[in-house]
Amino acid sequence: MATEIIMPKAGMDMVEGTVIKWLVKEGDKVDTGDPILEILTDKVNMEVEAETTGTILKILAEEGEVLPVMTVIGYMGEEGDDVPDGPATTKEEVVKAKEDTGAVSKKSETTVPQKQETTTQELDPIAGDKVRATPAARYLARERDIPLGRVTGSGPKGRIQKVDVETFKALRATPLAAKIAKVEGVELDAVEGTGHGGKITKEDVVSGLKKETPAAETTATTAAVEEGKDQKIIPMKGIRKIIADRMIESQHTAATVSLTIEVDMTASIDLRSKIKDMLQEEKGVKITYTDLLIMAVTKSLVKYPLVNATMTEEGILVNDHVNMGIAVGLDSGLMVPVINNTEKMNLTQIVESRSDIVGRTVKGKIKPNELQGSTFTISNLGMFDTVSFTSIINQPNSAILSVGAILERMRVVEGKPEVRNVMNLTITLDHRVMDGVEGAKFLQYLKGLLEEPTRMLL
C-alpha cells in the first residue's frame with residue numbers, strides 16, 4: 001500500500017509550507033530517515049525525511065508551490081503499489097480525527113478537492129480546548145466561525161489573543177481558494193467570501209480573476225516595468241514577506257522609545273582573552289562578546305524584570321524566566337533562535353548553547369520550535385563596524401538590545417587621557433510596558449556588569 005508524503009506541520013503556528021526542492025525523483029529508493037525534500041515554513045528551511053523505506057512512486061507538488069500543512073505532496077511504497085489518480089488535498093482534520101477516534105477510513109483521507117471543503121468544516125476543531133486562547137479570542141472565533149487551530153497566537157507561549165482573531169483574514173479561505181489565490185497573485189483581503197461565515201471559496205477567487213483590469217492601468221504598469229528594465233524586482237514572498245509583515249505589525253503595535261549608553265569594554269576584553277583558550281581547549285567552543293552580553297543582559301533582566309515582560313490582553317505578564325533571542329542575519333533573511341532559561345546557566349553553558357544554536361541556524365538545521373518563546377532579544381551588528389543603531393522589537397517581547405562595534409576611543413580616566421575600548425548599547429522598549437527610567441536603570445546596571453565583568457561570575 002502506498003504511503004502518503006505530506007507537507008508536515010512543523011510547529012503549532014505553521015499553516016502552510018513551500019516546497020523548495022525535491023531531493024529525490026520518482027523511482028528512487030530511500031530508507032527511513034533519508035532526506036527527501038526541503039521545505040520552507042514561516043520561519044525556517046527544513047528537510048523532510050522519509051518515514052519509511054521504499055520507492056518514491058509519485059511526486060505531486062512542484063518546487064516553489066505553497067501548500068497548506070498536511071497536504072499530500074507525494075507517495076512512496078513498493079513498486080507496483082496503487083497510487084491515487086489526481087492531486088490529493090489537505091487531510092489535516094481527517095488525520096486528527098483518525099488519531100482521536102480511529103474511525104476514519106482510508107477513503108476519507110483521499111477526499112477529492114471539491115469535497116474537502118465540507119469535510120474540513122465538519123471536522124475542524126474550531127473551539128478545541130487544547131488550543132491556548134483567551135476567552136475573548138474564543139468568543140470572537142466562535143462568532144466568526146474561525147478555527148482557532150489555524151490562528152497564530154501572539155501571546156505568551158503562543159496563546160491566541162483577541163487581536164489575533166481580529167486580524168485573521170487570509171486563512172478564512174478554503175485550502176483550494178488559498179492555493180489559487182497564491183498562484184494568481186490575488187490578495188485574499190480584497191476578496192469577499194460567500195461561503196459559510198464569510199469564508200472565501202474557490203468561486204470567489206475565480207470570480208475576482210474575471211474582473212477586467214482597466215486598459216490604461218495595464219499600459220501604465222507595463223511601461224513602468226519597461227523603463228526600468230535594467231532594474232531587478234525581488235518578489236515579496238517567503239521569509240522576506242514574513243519579516244516585512246512582522247516588522248510592520250510590531251511598529252504598529254508597540255509604543256517605542258530608544259535609549260543609548262556608552263560602555264567601556266576594556267575589562268570585558270581582558271576577561272575574554274584570559275578564558276578563551278581555556279574554553280577552547282576544555283570544551284571545544286569559542287567564546288564571543290555576544291556570550292558575555294547574554295550573561296550580563298540575563299542578570300540585568302533578572303534585576304529589572306519589567307524589561308523582560310510581555311504585553312497581553314489581560315495586562316503585563318512579568319516572565320519568571322529569561323529566554324534569550326539572538327538575531328542572526330542570513331542570506332535568506334533574519335532569524336531569531338532562542339536559548340531558553342539563560343538565568344539558570346553559567347558562562348560555559350551559555351557559550352556552548354549559543355555556539356550550538358547559532359551554528360545550526362547558519363547551517364539551516366534549526367528547528368521551528370527553537371525560534372519561538374523568546375522573552376528578550378539581542379541584535380549585534382558590531383562585527384559589521386556599525387557604531388550604533390535601533391532595532392524593531394521582536395514581538396511579543398517588550399524590549400530589544402542593539403549592540404554596536406567595539407572601537408578604540410580616547411577617554412578621560414582618573415583625570416588622564418587614555419585609549420579605551422568603547423561600545424554603544426541601545427535599548428528599544430515598549431513604553432506601554434515600562435517607562436524610560438526603567439530602561440535607563442537596566443542599561444546602567446548592564447554597563448556596570450560589562451565594565452566590571454567578574455561581577456557576572458559571582
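Which helices and strands do the buried residues of H13 pack against? Let me get to that after a quick introduction, everyone.

What we have here is a predicted model, where local features need pLDDT of at least 70, side-chain atom pairs count only at pLDDT 80 or more, and totals for chains, interfaces and linings use all residues. Residues are numbered from 1 along each chain as its sequence is written, and side-chain values use heavy atoms, with hydrogens and water left out.

The protein has 13 helices and 19 strands. Those elements are DSSP runs numbered from the N terminus, with helices being H or I of at least four residues and strands being E of at least two. Of the 458 residues, 44% are buried; here buried means under 20% relative accessible area, exposed means over 50%, and partly exposed is in between, using a 1.4 Å probe and protein chains only. Among contacts with a separation of 6 or more, 60% come from residues 24 or more positions apart, where contact means heavy atoms within 4.5 Å.

Now, back to H13. This helix covers residues 436-451, and its 16 residues reach 22 Å from first C-alpha to last, close to the 22 Å expected at 1.5 Å a residue. That expected span is 1.5 Å times one less than the number of residues. The buried residues of H13 include Phe442, Leu443, Leu446 and Leu449. And here is the answer to my opening question: the buried residues of H13 pack against strand E9 (256-264), helix H10 (266-283), H11, strand E16 (376-380), strand E17 (399-403) and E19.

Let's follow one of those partners, H11. Helix H11 has 15 residues and reaches 21 Å, close to the 21 Å expected. H11 is mostly covered, with eleven of its 15 residues buried; among them are Asp291, Leu292, Leu293 and Ile294.

How do we describe a pair of helices like this? Two packed helices are described by the angle between their axes and the distance between the axes. The axes are lines fitted to C-alpha atoms, for helices over the stretch in contact, and angles run from 0 to 180 degrees between N-to-C directions.

For H11 and H13, the axes come within 9 Å and cross at roughly 140 degrees. H11 and H13 are therefore oblique to each other, given that under 35 degrees is roughly parallel, over 145 roughly antiparallel, 65 to 115 roughly perpendicular and the rest oblique. On the H11 side, the contact includes Leu292, Ala296 and Lys303, and on the H13 side it includes Phe442 and Tyr445. The contact residues divide into ten nonpolar, one polar and two charged. Nonpolar covers Ala, Val, Leu, Ile, Met, Phe, Trp, Tyr, Cys and Pro; charged covers Asp, Glu, Lys and Arg; the others, Gly among them, are polar.

H11 also meets H12, residues 347-362: their axes come within 9 Å and cross at roughly 125 degrees. That makes H11 oblique to H12, and this crossing is right-handed. The contact is made by Asp291, Leu292, Ile294 and Met295 of H11 with Leu347, Ile350, Val351 and Arg354 of H12. Those residues divide into six nonpolar, no polar and two charged.

One last stop: strand E19, residues 416-430, holds proline 417. At 65% relative accessibility, proline 417 counts as exposed. Leaving aside neighbours within four places in sequence, proline 417 is in contact with Met410, Arg411 and Val412.

Terms used: Left-handed = near helix turned anticlockwise from the far one by under 90°.
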